[in-house]
Amino acid sequence: GKAKQPETFEVGKGTFLLNGKPFVVKAAEIHYPRIPQAYWEHRIKMCKALGMNTICLYVFWNIHEQEEGKFDFTGNNDIAAFCRLAQKHGMYIIVRPGPYVCAEWEMGGLPWWLLKKKDIRLRENDPYFLERVEIFEKEVGKQLADLQLARVGNIIMVQVENEYGSYGTDKPYVSNIRDIGRRAGFTDVTLF
């Protein structure tokens with residue numbers, strides 16, 4: 001087949017624009033750790049059959065870094081493989097790397113070992129917390145940055161933090177998380 005061309009995705013006036021044309025994001029949420037890898041493609045096809053064009057996925061920090069400094073993006077944790085499967089079926093991706101994901105998941109995806117540090121302040125400008133978030137997000141960037149739409153991938157948006165409005169109003173913290181996302185390689189994509 002012919003080489004894929006990079007596409008564009010932007011926020012227009014009152015609408016998203018995909019390759020310059022109005023685009024309605026119809027997104028289904030799939031949590032890859034909850035589904036055996038052998039069934040991923042089937043679920044993606046089901047979402048497409050329901051009329052969806054996009055899949056939202058959280059990145060579950062505590063499943064990728066179960067021990068501090070040891071990262072696992074293999075097998076059922078292979079988020080890049082999941083995104084490529086979605087692309088194979090013409091689906092776009094919205095990545096939600098947290099660091100906090102909620103999702104009725106233990107500690108909202110934050111690794112338990114963060115709590116070994118006495119007086120850590122989670123989801124605030126705690127230097128240790130931000131340092132660990134950045135180390136993790138850089139690993140996520142290694143997996144997913146090349147799958148951004150502008151790089152001929154299918155990732156159209158990346159979320160900065162999650163459900164934070166109901167949790168706090170620490171704008172400098174959210175700005176720090178945004179900057180971490182950019183430094184992790186999410187430079188060619190719409191952040192929200």
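A residue is called buried here if its relative accessible area is under 20%, exposed if over 50%, and partly exposed in between, using a 1.4 Å probe and protein chains only. The structure is a predicted model, in which local features need pLDDT of at least 70 and side-chain atom pairs count only at pLDDT 80 or more, while totals for chains, interfaces and linings use all residues. Residues are numbered from 1 along each chain as its sequence is written, and side-chain values use heavy atoms, with hydrogens and water left out.

Helices (H or I, at least four residues) and strands (E, at least two) are DSSP runs numbered from the N terminus, and two strands pair if DSSP finds at least two bridges between them. Strands of a sheet pair through backbone hydrogen bonds, either parallel or antiparallel. Here, 5 strands make an open sheet in the order β4-β5-β6-β7-β8, with parallel pairing. The edges are held by β4 (27-29) and β8 (190-191); each has a single partner strand, so one side of each is left without a neighbour in the sheet.

Walking across the sheet, β4 and β5 are joined by 3 bridges and run parallel, with Ala27 opposite Thr54 in β5. Next, β5 and β6 pair over 5 bridges, again in the parallel sense, and Ile55 has Ile93 of β6 as its bridge partner. Between β6 and β7 there are 3 bridges, also parallel, and Ile94 sits opposite Met157 in β7. Finally, 2 bridges link β7 to β8, which run parallel; here Val158 faces Leu191 in β8.

How many residues of β5 are buried? The count is 5 of the 5, so β5 is largely enclosed by the rest of the structure. Both of its faces are covered, with Thr54, Cys56 and Tyr58 buried on one side and Ile55 and Leu57 buried on the other. Strand β6 is mostly covered too, with 5 of its 5 residues buried. On one side of β6 these are Tyr92, Ile94 and Arg96, and on the other Ile93 and Val95.

Now for the packing. In soluble globular proteins, nonpolar side chains tend to be buried together. A nonpolar core is taken as a set of buried Ala, Val, Leu, Ile, Met, Phe, Trp, Tyr and Cys residues joined through side-chain atoms within 4.5 Å. The largest such core has 52 residues, and Phe82, Ile93, Leu114, Phe129 and Leu144 touch the most other members. Elements that each supply at least two residues include the helices α1 (40-49), α3 (79-88) and α5 (171-183), along with the strands β5 (54-58), β6 (92-96) and β7 (155-158). Helix α4 gives the most to this core, with 7 residues. Apart from this core lies another, of 9 residues, among them Phe9, Ile94, Ile156 and Met157. As for Leu114, its contacts (heavy atoms within 4.5 Å) are Trp61, Ile120, Leu122, Tyr128, Phe129 and Arg132, not counting residues up to four places away in sequence.

Grid points are joined across faces, edges and corners, and the volume is the space filled by probe spheres set on the points. The count comes to 1 cavity of 30 Å³ or more, and the largest cavity has a volume of about 50 Å³. Its lining includes Gly98, Glu137, Val158, Arg178 and Leu191, and α5 gives the most to that lining, with 3 residues.

Most residues other than glycine have a negative phi, and most peptide bonds are trans. Gly98 and Pro99, however, are joined by a cis peptide bond with omega of about 15 degrees, and Pro99 lies in the loop between β6 and α4. Ala103 lies in the loop between β6 and α4 and has a positive phi, near 55 degrees. Val152, in the loop between α4 and β7, also has a positive phi, near 70 degrees. Is Val152 buried or partly exposed? At 30% relative accessibility, Val152 counts as partly exposed.

Conventions. On a 1 Å grid over the protein atoms alone, a cavity is a set of points where a 1.4 Å probe fits but cannot get out, and a pocket is an open set with protein on both sides within 12 Å along at least five of seven lines; lining residues have an atom within 4 Å of a point.
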